[in-house]
Amino acid sequence: AVVSTQSGHYGRATGVPCIYTSHLEIQAQDFLKDPKVTFGYSSEFTHWCNDNGVDNDDPRCGKVMLSGEMEKVTDEAEVTWSKYGLFTRHPATKNWPVSHGFAFYKLNIQNIFVLDFYGGPTMHLNVTEYLDYKFDW
């Protein structure tokens, strides 16, 4: 499934994917039964691949896969942060129907894989180091 994710606001991202979804949506029905998921991100989102003549399907167009389990965000401070991040980037979402039961869910990251060349994932990142990294935008 394709979903919009956020990890906070630009310049203050956490690196933890968070989605705003309803129990009515197919992907939510899936992860509510089995919370194991993988989020995949491609360098194509930054336009680096296209700008450098590398096809998005080419392994040299780097990809990161974050795997783990989805968990509903219940801590009020985290909900506030999630709203700030999502509603700033996608203002229309704050007007989605309350009756649809929208809620924030985050990925508890267990594995991080990087594919940036031929031959399969070339790197398994340390989750603790990834989460402790301070982004310098």
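How many aromatic pairs does the count come to? I get 10 aromatic pairs, where rings of Phe, Tyr and Trp (its six-membered ring) pair if their centres lie within 6.5 Å, and planes under 30 degrees apart count as stacked, over 60 as edge-to-face and the rest as tilted.

I am looking at a predicted model, in which local features need pLDDT of at least 70 and side-chain atom pairs count only at pLDDT 80 or more, while totals for chains, interfaces and linings use all residues. Residues are numbered from 1 along each chain as its sequence is written, and side-chain values use heavy atoms, with hydrogens and water left out.

**Rings**

I started with Phe39 and Tyr41, a stacked pair at 6.4 Å centre to centre with 10° between the planes. Phe39 is buried at 12% relative accessibility, and Tyr41 is partly exposed at 28%; buried means under 20% relative accessible area, exposed over 50%, partly exposed in between (1.4 Å probe, protein chains only).

Next I looked up Trp81 and Tyr84. Their ring centres are 5.8 Å apart and the planes sit at 40°, so I log this pair as tilted. Both residues are in helix H3 (residues 76–89), three residues apart, which is about one turn of the helix. Trp81 is partly exposed at 22%, and so is Tyr84 at 38%.

I also found a cluster: ring pairs link Tyr20, Phe87, Trp96, Phe102 and Phe104.

**Cysteines**

How many disulfides are there? I count one disulfide, taking that as a pair of cysteine sulfur atoms within 2.5 Å. The partners are Cys49 and Cys61, with their sulfur atoms 1.9 Å apart. The link is right-handed, with 95° about the S-S bond. Cys49 lies in helix H2 (residues 48–51) and Cys61 in the loop between H2 and strand S3 (63–72), so the pair ties together parts that are 12 residues apart in sequence. Cys49 is buried at 0% relative accessible area, and Cys61 is buried at 0% too. I checked Cys18 as well, and it is buried at 5%.

**Whole chain**

I stepped back to the fold: four helices and five strands, running β-α-β-α-β-α-β-β-α from the N terminus. Helices (H or I, at least four residues) and strands (E, at least two) are DSSP runs, numbered from the N terminus. Of the 137 residues, 34% are buried.
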